[in-house]
Amino acid sequence: MYDEKFILDEVNKIRAEIGHDEVNIYIEEIYFNKDTDELWIITEDRPDKSAIIGKGGWVVGKLKEKLGLESIHVESYGDFLNKQHKLKLSKRTVGNLDLDLVGLDNLRKVIDDKLDNIYSFNYENYLNSHEFEESEKTEAVVALSGGVDSSFSLILAKRLGFNPIAVTVDPGTIILPNQYKINIKNLTESLNVHHEYLTADYNEIINESLSGKLHPCGRCSKNTGEIAKQYAKDNEIPIIIFGDMLATGTQCINKQDDSLYRLNLPASLSTGKQEIKSLIRKYSLREFKGFGCPLLYEVHKKYPHMKKYSIQRILRETRSQALEPGEALDLIWSFYKTK
């Protein structure tokens with residue numbers, strides 16, 4: 001319905017109308033989904049992507065209006081090559097596991113399907129059109145914090161047939177605020193997933209953080225992981241699922257000991273933050289602005305130099321393309337907004 005020449009002509013007309021300079025733009029591929037009324041424009045490189053989007057998104061916005069489409073996605077071919085490479089590594093890693101589990105079989109299928117539809121894969125549309133067998137036994141524990149990444153992981157684990165149990169490590173409201181508990185309750189009830197709180201003493205971490213001895217995130221994450229993993233081992237459940245967007249590829253799943261594997265579910269599918277938000281939106285979960293918990297905000301306030309280590313964590317996800325630069329900038333800027 002749409003070809004490269006038509007799109008380029010329309011983009012250049014719009015750029016001229018709104019006073020943008022005329023530039024040479026190169027398109028790798030056009031993909032149109034008539035069922036969802038969505039258009040994907042795959043450019044050869046990021047500068048071509050920027051030219052089609054235009055300053056403030058004006059060009060692509062006017063193009064969408066002119067063509068009367070539901071949405072237009074402009075992406076760089078290089079970014080897809082990177083994502084495709086990571087998915088191939090995940091496919092090999094998950095495929096080589098000597099584990100006969102329903103959930104893993106279904107995950108392998110999703111990885112294949114995402115590779116086959118690399119430009120237009122959409123989790124909500126995909127899950128609505130695919131039914132997966134569910135395991136009779138619990139195959140995974142999901143570490144659920146009530147944030148977007150772990151919520152996405154629980155939704156996906158349930159839909160992929162892992163028959164999961166969700167657990168939340170509760171160190172107190174300075175790390176796990178009550179509003180996150182509301183998300184946890186709503187999501188687990190909506191999915192009909194059994195959930196347990198695991199109480200833990202994080203006083204040492206809290207005190208050392210508030211006295212400026214350490215940045216809390218690394219130690220907190222490690223402790224939470226160890227407690228959740230111990231729960232899985234005690235209950236002889238073979239997989240513990242985390243909502244980490246890193247590490248992708250060959251490191252998306254790894255053996256913890258003889259009886260337990262850790263699976264970073266979003267990372268195994270090379271999932272970006274916008275994909276995660278798009279899926280969880282239908283579950284009416286509250287999204288929280290900014291980065292981190294109340295403890296981290298107190299640490300930032302008392303010791304501004306600690307923001308450097310938080311920024312490093314954000315940039316790590318940006319380098320891996322889990323976060324777009326604009327999303328990363330918003331998170332970093334949230335550290336400097338006046339409360």
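Let's start at Thr224, which sits in helix α10, the stretch running from residue 216 to 234. Keep in mind as you look around that this is a predicted model. Thr224 has a relative accessibility of 23%, so it counts as partly exposed. Leaving out residues up to four places away in sequence, Thr224 touches Val169 and Tyr202. Its side chain also has a polar atom 2.9 Å from the backbone oxygen of Cys220. For a sense of scale, pick out Trp58: that residue is 166 positions from Thr224 in sequence, and the two C-alpha atoms are 44 Å apart in space.

A disulfide is a covalent bond between the sulfur atoms of two cysteines. How many disulfides does the model have? The count comes to zero. Take Cys217: its closest cysteine sulfur belongs to Cys293 and is 6.5 Å away, so the gap is too far for a bond. Cys220 isn't in a disulfide either, and its nearest cysteine sulfur, again that of Cys293, is 6.3 Å away. The cut-off for a disulfide is 2.5 Å between the sulfurs. As for solvent, Cys217 is buried because its relative accessible area is 17%, and Cys220 is buried too, at 15%.

Now hop over to His195, in strand β6, which covers residues 195-199. Is His195 buried or exposed? With a relative accessibility of 19%, His195 counts as buried, since the limit is under 20%. The side chain of His195 makes a polar contact of 2.7 Å with the side chain of Thr168. Thr168 also turns up among the contacts of His195 beyond four places in sequence, along with Leu144, Ala166, Val167, Ile184 and Thr188.

Finally, have a look at the aromatic rings. A ring pair is described by how far apart the centres are and by the angle between the planes. The model has nine aromatic pairs. One of them joins Tyr126 and Phe132, with 6.2 Å between the centres and 40° between the planes, which makes the pair tilted. Both Tyr126 and Phe132 are buried.

Lys181 lies over the face of Tyr197, 5.3 Å from the ring centre. Arg262 does likewise with Phe242, lying over the ring face at 3.8 Å from its centre.

Technical notes
Residues are numbered from 1 along each chain as its sequence is written. This is a predicted model: local features need pLDDT of at least 70, side-chain atom pairs count only at pLDDT 80 or more; totals for chains, interfaces and linings use all residues. Side-chain values use heavy atoms; hydrogens and water are left out. Helices (H or I, at least four residues) and strands (E, at least two) are DSSP runs, numbered from the N terminus. Buried means under 20% relative accessible area, exposed over 50%, partly exposed in between (1.4 Å probe, protein chains only). Contact means heavy atoms within 4.5 Å. A polar contact is a pair of N or O atoms within 3.5 Å; within protein, one must be able to donate a hydrogen and the other to accept it, and residues adjacent in sequence count only if both atoms are side-chain atoms. Rings of Phe, Tyr and Trp (its six-membered ring) pair if their centres lie within 6.5 Å; planes under 30 degrees apart count as stacked, over 60 as edge-to-face and the rest as tilted. A charge sits over a ring if NZ of Lys or CZ of Arg is within 6 Å of the ring centre and within 35 degrees of the ring normal.
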